[in-house]
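Me: I would like to go through a structure with you, one topic at a time. May I show it to you first?
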Number of protein chains: 2
Amino acid sequence: MQNQGIVILGAGKVAQQLYLQFLRSGIEVSTIWARNLSKATIALGTAPVCNQLSELPTDAHLYIICVSDGAIAEVAAQLPIEIRMKRLVVHTSGATPMSVLAQSCKHFGVFYPLQTFSASSKPDWTQIPICVHANSDDLLQRLQHLASRIAKHIYVINDEQRLALHVAAVFVNNFSNYLFHIGATICETEGVSFDILKPLIAETIEKLKYQLPKSAQTGPAIRNDVVTIARHEDFLSKYPTDFQAAYQLLTNGIKSMKE
Amino acid sequence: MQNQGIVILGAGKVAQQLYLQFLRSGIEVSTIWARNLSKATIALGTAPVCNQLSELPTDAHLYIICVSDGAIAEVAAQLPIEIRMKRLVVHTSGATPMSVLAQSCKHFGVFYPLQTFSASSKPDWTQIPICVHANSDDLLQRLQHLASRIAKHIYVINDEQRLALHVAAVFVNNFSNYLFHIGATICETEGVSFDILKPLIAETIEKLKYQLPKSAQTGPAIRNDVVTIARHEDFLSKYPTDFQAAYQLLTNGIKSMKE
């Protein structure tokens, strides 16, 4: 019988957000496994928690491994044999091939919510794409069905495509945020409010609704406005070399968009 | 008498968007000057256009120079003497000091709408900050008053602060857009829709509403997740060296945020 709901392995940001969304969607989470029991108990509230993989219920219908990428294979290998032979085991990593589960598990897949989660954010799951993949069509359908109960946009994405999305996500999310950090640092240093730039940031995103980034590109680099670029480089000379190097490299990258 | 409205010098994107917003706000634009008359006539519709600086009306209450940064001083110097001695002349450049007008004009300032304008976009002027500055308090008040008739957020910003905002704007707008271009290129190459990433981009911006970019930073670089970084670099090896160089440099920049 596979009636004991879902087991979540991990207590980090993805585990927490998935757990909360399963709860909201009326999907039972039977157990959460966490190495650090006290941390998990605080973070996850009333969910049943255990810190021994050997003590996990073996009859859940899905085991979701939400640990750091480097620990996925290790956690999978330590699951009880009954889980590894009979149950569906998935990971939630964008950058990890599905095959890391193949050595220890018979039925496996990926359940990757493509979003940036933080402790304080309240993600809108109607807007979060979930990328699924599995080693059989039957399992894939089960994952699609589950995903459709907690989200609206479900994509079947293979390993290579998922890695591509993960790399692209680093560019559009992590690296953009770093550029916002540079902008905020410059504003703070010069005594102007970063808020002045927020409408500009909003418009940068707004444009993506109706055109490709390539055709939305503006600024001194795409115009090859050497006077302005020189003024900016001069201005940045008092800032960390990281900022100067980013300015030069990204300016040159934009210049080569024209080619 | 200063009753002939505003004269706009230039017919580019900023000139066009300012012109349209003055029209919407019931502010008379008496003349538009453009080197290329036919281009200006097409772009600006029914506005009176001339291509001779010597033929400009000399009794407008404001002359707004919206030409490329490198041409501002030259255009100002060629204005009729009556304008240069009696009228208020401003430029709209973020990166150009107000002082480029000092050599030829007696009353001068800056009227800088901090936004990215493109031909197809319809900017929301209630959201556009306008940064003003002038060489006397009286003129500054006139610019503030005018700005408040077309926008809601008006800031008095000096040359150094305006240059800082301009540099920061390049980071948060131009460079972010370039990163979106890289993301879109990767998606296209791998046959997945760039749309999958748009909720992530939206969330990246959403977070700025309640936290600084520094505390919103996530991803493999800030975690120093060397396995994922190596996977990403390996994935990018088939892409342009610009993409690889940007990945490495921005990853290193994020790593140094922790220090």
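Me: At what angle do helix α10 and helix α11 of chain A pack?
Reply: In this predicted model, α10 (residues 226-236) and α11 (residues 241-255) of chain A pack at about 160°, with their axes 9 Å apart. Axes are lines fitted to C-alpha atoms, for helices over the stretch in contact, and angles run from 0 to 180 degrees between N-to-C directions. Helices (H or I, at least four residues) and strands (E, at least two) are DSSP runs, numbered from the N terminus.

Me: Which residues of α10(A) make the contact?
Reply: A:I229, A:H232, A:E233 and A:L236 do so, where contact means heavy atoms within 4.5 Å.

Me: Changing topic, what is the strand order of the open sheet in chain B?
Reply: Its 8 strands have the order β3-β2-β1-β4-β5-β6-β7-β8, with mixed pairing; two strands pair if DSSP finds at least two bridges between them.

Me: Which are the edge strands?
Reply: They are β3 (49-50) and β8 (153-156) of chain B, each pairing on one side only.

Me: How many bridges join β5 to β6 in chain B?
Reply: There are 4 bridges between β5 (residues 88-91) and β6 (residues 107-113) of chain B, and these strands run parallel. The bridge partner of B:V89 in β6(B) is B:F108.

Me: How should I read the numbering and the cut-offs?
Reply: Residues are numbered from 1 along each chain as its sequence is written, and chains are lettered from A and ligands numbered from 1 in the order in which they are written. Local features need pLDDT of at least 70, side-chain atom pairs count only at pLDDT 80 or more, and totals for chains, interfaces and linings use all residues; side-chain values use heavy atoms, leaving out hydrogens and water.
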